[in-house]
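Trainee: I would like to go through this model residue by residue. Can we start once it is on screen?

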Amino acid sequence: MAVIEAKNIKKSYGKNETKFDALKGVDLKVEKGESVAIIGKSGSGKSTFMHILALLDQPTSGDIYLNGKNVTSIRKKVLNKTRNEEFGFVFQQFFMNAKDTVLNNVLLPLKIGGISGSKRKKMALDALKAVGLEDKVQNKANNLSGGQKQRVCIARALVNNPQIIFADEPTGNLDSKNSREIVDLLKLTQRKYKQTLIMITHDERIAMQADRIIVIEDGQIKKDEVLHK
Ligand code: ADP
Ligand code: MG
């Protein structure tokens with residue numbers, strides 16, 4: 001069974017003269033443990049699609065299935081819980097609390113999930129070890145380099161042991177050396193924890209490292225190619 005499936009997803013922004021069809025009927029089935037790169041020009045609908053897949057936004061029509069269950073219109077509270085437990089997120093802009101410590105940033109999803117203090121500290125330290133930042137736990141997030149910040153975000157994405165990691169241009173603010181390291185790390189942790197990775201990138205070399213490449217053009221999937229099995 002697919003871990004996540006999108007069926008005929010359409011998304012329009014605005015109405016009447018200003019109506020814009022950002023997604024025009026997108027179907028996608030991702031198997032558990034797959035790594036999928038989504039590529040396409042700026043404005044092609046990649047982020048819109050990922051936001052809908054990750055239950056951060058509602059489609060205009062169409063359905064999202066998580067482990068076979070239709071989750072398109074589940075109640076807000078259940079939806080937030082599902083997202084917090086099943087998904088990890090890594091974004092280009094390293095969304096973090098810059099003034100807080102590395103440790104507290106990684107703890108946050110566990111705190112929201114209601115995990116006890118001592119347990120969440122251990123889990124956060126394990127995640128920070130997995131990304132090679134065990135010596136930075138008490139540093140302020142602000143004082144880290146870009147590559148280190150993205151490692152914190154990966155640790156935070158992993159800390160709940162989610163089923164799916166969603167990454168939207170995770171290397172968009174990094175130089176090529178750090179980009180390679182971050183992608184290697186994402187792939188390594190994905191394999192180690194048997195997760196599914198869905199990553200948007202506009203860097204073709206990075207996309208080539210995924211198991212599968214999806215090309216989005218003008219709100220539609222133009223190509224869907226398996227590279228590695
Ligand atoms: P990508 O991630 O591929 O660069 P996006 O999914 O962010 O593209 O955007 C796809 C299209 O939808 C773009 O033309 C963008 O301007 C438009 N769009 C995205 N979000 C909104 C919004 N909130 N309101 C209106 N138009 C939007
Ligand atoms: Mg985008």
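Trainee: Which residues does isoleucine 154 touch, not counting residues up to four places away in sequence?

Mentor: The model is predicted, so local features need pLDDT of at least 70 and side-chain atom pairs count only at pLDDT 80 or more, while totals for chains, interfaces and linings use all residues. Residues are numbered from 1 along each chain as written, chains are lettered from A and ligands numbered from 1 in the order written, and side-chain values use heavy atoms, without hydrogens and water. Contact means heavy atoms within 4.5 Å. With residues up to four places away left out, isoleucine 154 touches Val90, Val131, Ile182, Leu185 and Leu186.

Trainee: Which side chain of opposite charge is nearest to lysine 46?

Mentor: Lysine 46 lies in helix H1 (residues 46-53). Lys and Arg count as positive and Asp and Glu as negative, with His and the chain ends not counted; a salt bridge is a side-chain nitrogen of Lys or Arg within 4 Å of a carboxyl oxygen of Asp or Glu. Lysine 46 is buried yet has no salt bridge, and the nearest side chain of opposite charge, 4.7 Å away, is glutamate 169.

Trainee: How far is a polar side-chain atom of lysine 46 from an oxygen atom of ligand 1?

Mentor: The side chain of lysine 46 has a polar atom 2.9 Å from the backbone oxygen of glycine 40, and the backbone oxygen of lysine 41 also lies 2.9 Å from a polar atom of that side chain. Toward the oxygen atom of ligand 1, the distance from a polar side-chain atom of lysine 46 is 2.8 Å.

Trainee: Why does arginine 212 count as buried?

Mentor: Arginine 212 is found in strand S9 (residues 212-217). Its contacts, leaving out residues up to four places away in sequence, include Leu28, Val36 and Glu225. Arginine 212 counts as buried because its relative accessibility is 8%.

Note on methods
Helix = DSSP H or I, 4+ residues; strand = E, 2+ residues; numbered from the N terminus. Buried < 20%, exposed > 50% of the residue type's maximum accessible area, 1.4 Å probe, protein only. Polar contact = N/O pair within 3.5 Å; in protein donor to acceptor, adjacent residues only side chain to side chain.
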